[in-house]
Amino acid sequence: MKSVTEQQIKDFREQQHNFTLRFSDGTVLGNNDIVLDSVQITRTLCDSEQLSFGTVYASEFSVQIFNDGRKYDGLTVEVTMTAGTYSANFGTYLVVSNPRSSNLLYRTLTAYDSMAAILSTNYADWHNGLKTSPPATIGAYRNAFFTHIGITQASTALCNDATAFKFAETTGALSGATILGEICAINGTFGYLDFDQTFKWVTPYIDAGSALYPALTLYPSTTLYPMSVEAAIANMGVDTYEIDRGYYDLGGLACEEFVTENISQVYMHMGDV
């Protein structure tokens, strides 16, 4: 996370935001070349109505610029902004479209970060090439994939990193979206490419020493968790709660017992997708 001073926060709030768009062909655009209130960066962890793991998205940058006759398709653009003593780099994006407005005065640029190409690339050949010396664990497979695509990960230990990885050759396509999506789903996590080109993992299970997810801290009250009658009366506040069968047997209602089992190994091939 970017650390800022009180003065920088003050400048960000009070000073004019000066944007600079630097394109790979040498073109540089500033505030006088763009519609300031059209600048938009969209970063998504989950876009479904229900919270779900297993998807990774590219970040999108869009802006409306005054039509100068140039076409920007296929160019990369670095987006930076200053406001007094505050400065920020909002990443580099590949322009995929820049249609003109109906009155020909503007162009609307839409661009995506490098994750877009990674998600759509077929990595079946790379995956099958691991057959002679496959990774032993999910964590090793994850690290091998990021080494292959040349993206640095933020140092993060995921809950199923140590789970055994059972290699299975794929006969079809295996996209980056599938690989990253499966890693996220297995570990109950999300991921995105940050502005500094580092891939960050976002995990909702952050209780120290616990692989429980969602984390206890995601809930507003410990009383929402099942606990023993004694614990409920004492309103304890300790880290571990005992699930008491009688806690659910109100009014003679039946109580189901649940059994959880550890994941012992994971196969990665197209047939399971």
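This is a predicted model: local features need pLDDT of at least 70, side-chain atom pairs count only at pLDDT 80 or more; totals for chains, interfaces and linings use all residues.

Me: Which residue is the bridge partner of Leu193 in strand 11?

Reply: That's Phe199.

Me: What order do the strands take in that open sheet?

Reply: The order is 8-11-10, with 3 strands and mixed pairing. Strand 8 (152-153) and strand 10 (190-193) are at the edges with a single partner strand each, so one side of each has no neighbour in the sheet.

Me: OK, switching to strand 7. How many bridges does strand 7 make with strand 4?

Reply: There are 7 bridges, in the antiparallel sense, between strand 4 (residues 60-66) and strand 7 (residues 106-112). Within that pair, Leu109 of strand 7 sits opposite Val63.

Me: And how do strand 6 and strand 7 run, parallel or antiparallel?

Reply: Antiparallel, with 3 bridges joining strand 7 to strand 6 (residues 86-97). Val95 has Ala111 in strand 7 as its bridge partner.

Me: Now the confidence. What's the mean pLDDT of the chain?

Reply: The mean is 80, and 74% of the residues reach 70 or more. Residues 206-213 have pLDDT below 50, though that stretch makes 13 contacts in the model beyond near neighbours in sequence. Residues 236-256 are also below 50, with 26 such contacts.

Conventions
Residues are numbered from 1 along each chain as its sequence is written. Side-chain values use heavy atoms; hydrogens and water are left out. Two strands pair if DSSP finds at least two bridges between them. Helices (H or I, at least four residues) and strands (E, at least two) are DSSP runs, numbered from the N terminus. pLDDT is the predictor's confidence in each residue, from 0 to 100. Contact means heavy atoms within 4.5 Å.
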